[in-house]
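Hi there,

Here is the structure I promised to pass on to you.

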Amino acid sequence: MNDRNEPSSDDHGPFARPLFDDPSARALRRVGVVDVGSNSVRMVVFDGAARSPAYFYNEKVMCGLGLGLAETGRLNPRGRDRALAALRRFALLAEGMNMAPLTVVATAAVREAADGRAFCEEVLRETGLRLWVIDGDEEARLSAQGVLLGWPDARGIVCDIGGSSMELAQVGGGKVGARATSPLGPFRLQQVQGGQKARRQHIHGILADMKKKFPDRHPRIYLVGGSWRVVARLDMERRGYPLTVLHEYRMLPQQILETLDWIAVSDLPILRVLTGTSQERMELVPLASEVLRGLVEVFEPREVDVSAYGIREGLLYEQMPERLRARDPLIEAARMAEATSARIPGFGKKLFGFLEPLFDGVPPERMRLIHAACLLHDTAWRAHPDYRAEVCFDNATRANLGGLDHPGRVFLGLALLHRYKNSRAGSRLEPLFRLLTDEQVRDAEVLGKAMRFGAMFAVADPQLAGTLKPKMKKRELELALTPLGTGLFGEVAQARFNSLAQALKLVPAVTPAVT
């Protein structure tokens with residue numbers, strides 16, 4: 001931490017106040033964090049300090065605090081005024097939301113500026129908010145923890161770019177390892193003399209030195225930061241990619257280089273309109289693109305992935321006890337959705353138990369998608385029946401869900417679509433189906449029809465109504481009913497069971513209870 005901006009010795013740091021006082025508060029309390037960066041100031045309020053928290057409130061102001069810092073050594077005057085106004089507003093919003101005090105961190109611009117301490121004092125005096133000025137190493141660690149929040153099995157190098165700096169951190173096994181910081185933010189690169197060729201040499205030199213801290217080959221780079229997200233969004237546009245969710249969007253090195261070439265010769269105002277990007281952000285994209293090109297060339301990753309989670313989520317992860325960190329973010333998010341939106345909360349777990357025999361031997365990664373689908377199967381019941389299937393699909397594919405790649409999103413969405421609708425022919429969603437193989441499409445249909453049938457026993461635990469058993473040698477799908485199940489097994493249930501057996505390419509075989 002920069003001594004000029006370090007808090008007084010009687011403070012205990014930004015993380016002394018626990019956000020998780022007790023289990024009952026964990027699901028109820030709203031947790032607010034603010035990131036005062038070189039380019040933007042953003043406030044995020046998480047609704048419930050859960051493993052996969054929902055975003056109750058999210059507001060960003062492109063202040064440009066670090067604009068011109070490399071030349072003047074001081075915060076940008078206009079950016080300083082805008083940041084102070086934003087923080088004043090955020091403090092009032094937090095007070096109105098009646099939540100715990102905001103945790104506010106400041107990064108490169110404030111820690112490096114000669115007037116950084118004075119700015120912190122002014123913010124405290126004007127708003128009551130204490131800015132915790134973190135150094136580059138801590139910034140890298142928190143950003144990496146943000147990646148781990150939504151991507152527990154992340155393994156590789158996290159790269160977080162801001163306006164004035166760029167940080168790297170190694171992740172693997174749920175832990176953050178080696179870290180490094182650099183002056184490779186766009187605001188700093190604007191001061192490099194000699195044009196693009198000189199910048200390229202400058203960037204490559206710094207990256208080569210940074211790589212010495214990460215000697216092992218790391219097949220994956222995780223991108224964190226607004227400028228990276230714009231590049232990824234442009235990559236989607238260039239490729240005609242059907243899903244615009246940025247989190248866990250994956251790119252190959254050659255594909256990235258082609259997109260960077262395309263950005264370099266394109267009209268930035270046109271690109272800005274295509275992606276809905278602010279002018280302030282788009283102006284930084286060409287320089288950020290040069291850094292990304294250098295990363296690909298120097299570190300030679302096999303794949304580059306985009307993380308929507310970063311330092312703000314890392315602040316939340318910092319407070320999580322280990323037992324909470326160990327939970328699956330996808331399953332936790334699905335549980336929360338069921339608890340708040342389903343007609344019969346808790347039925348999803350019972351439905352999963354009832355359907356498990358259909359998926360014997362399925363790999364764990366697929367089984368967790370099946371589990372999540374069962375938890376989510378009834379969360380869109382308030383939608384109009386004509387649109388319920390598509391609402392389910394949209395909720396799964398576009399929701400803020402961690403631990404879920406793009407094919408997984410489409411698989412989950414398609415399964416939920418078939419929960420409410422037998423046929424997907426002619427759907428406006430068809431372009432998204434191409435993210436799955438034919439086999440995955442078939443498996444999603446089977447899962448959807450299985451949930452559609454199992455929901456017929458929603459008045460009780462389906463396992464009290466009967467048992468399902470695929471008999472592959474006989475090419476039969478057996479349903480052994482209990483007396484309760486026999487009473488519930490009406491014409492509609494029979495039709496849905498037949499549809500499920502047909503999807504499995506088995507013959508339906510029903511054994512009613514003996515009375």
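Let me start with an arginine: the charged end of Arg 366 sits over the ring of Phe 411, 4.2 Å from its centre. Arg 419 does likewise with Tyr 420, its charged end lying over the ring at 4.3 Å from the centre. For a charge to sit over a ring, NZ of Lys or CZ of Arg must be within 6 Å of the ring centre and within 35 degrees of the ring normal.

A word on the basis: this is a predicted model, in which local features need pLDDT of at least 70 and side-chain atom pairs count only at pLDDT 80 or more, while totals for chains, interfaces and linings use all residues. Residues are numbered from 1 along each chain as its sequence is written, and side-chain values use heavy atoms, with hydrogens and water left out.

Arg 366 also takes part in a helix contact: with Ile 370, Ala 373 and Cys 374 in α18, Arg 366 meets Gln 440, Asp 443, Leu 447 and Met 451 in α22 (contact means heavy atoms within 4.5 Å). By class, five residues of this contact are nonpolar, one is polar and two are charged. Helices α18 (residues 364–376) and α22 (residues 438–454) pack at about 35°, with their axes 11 Å apart. Helices here are DSSP runs (H or I, at least four residues), strands likewise (E, at least two), numbered from the N terminus. Axes are lines fitted to C-alpha atoms, over the stretch in contact for helices, and angles run from 0 to 180 degrees between N-to-C directions.

There are 11 aromatic pairs in the structure. Rings of Phe, Tyr and Trp (its six-membered ring) pair if their centres lie within 6.5 Å; planes under 30 degrees apart count as stacked, over 60 as edge-to-face and the rest as tilted. Phe 393 and Phe 433 are edge-to-face, because their planes stand at 70°, with ring centres 5.9 Å apart. Phe 393 belongs to α19 (residues 388–398) and Phe 433 to α21 (residues 430–433), so this pair ties together parts 40 residues apart in sequence. Phe 393 is buried at 0% relative accessible area, and Phe 433 is buried at 10% (buried means under 20%, exposed over 50%, partly exposed in between, with a 1.4 Å probe and protein chains only).

Phe 453 and Phe 489 are edge-to-face too, with centres 6.4 Å apart and planes at 85°.

Best wishes

Terms used: Ala, Val, Leu, Ile, Met, Phe, Trp, Tyr, Cys and Pro count as nonpolar, Asp, Glu, Lys and Arg as charged, and the others, Gly among them, as polar.
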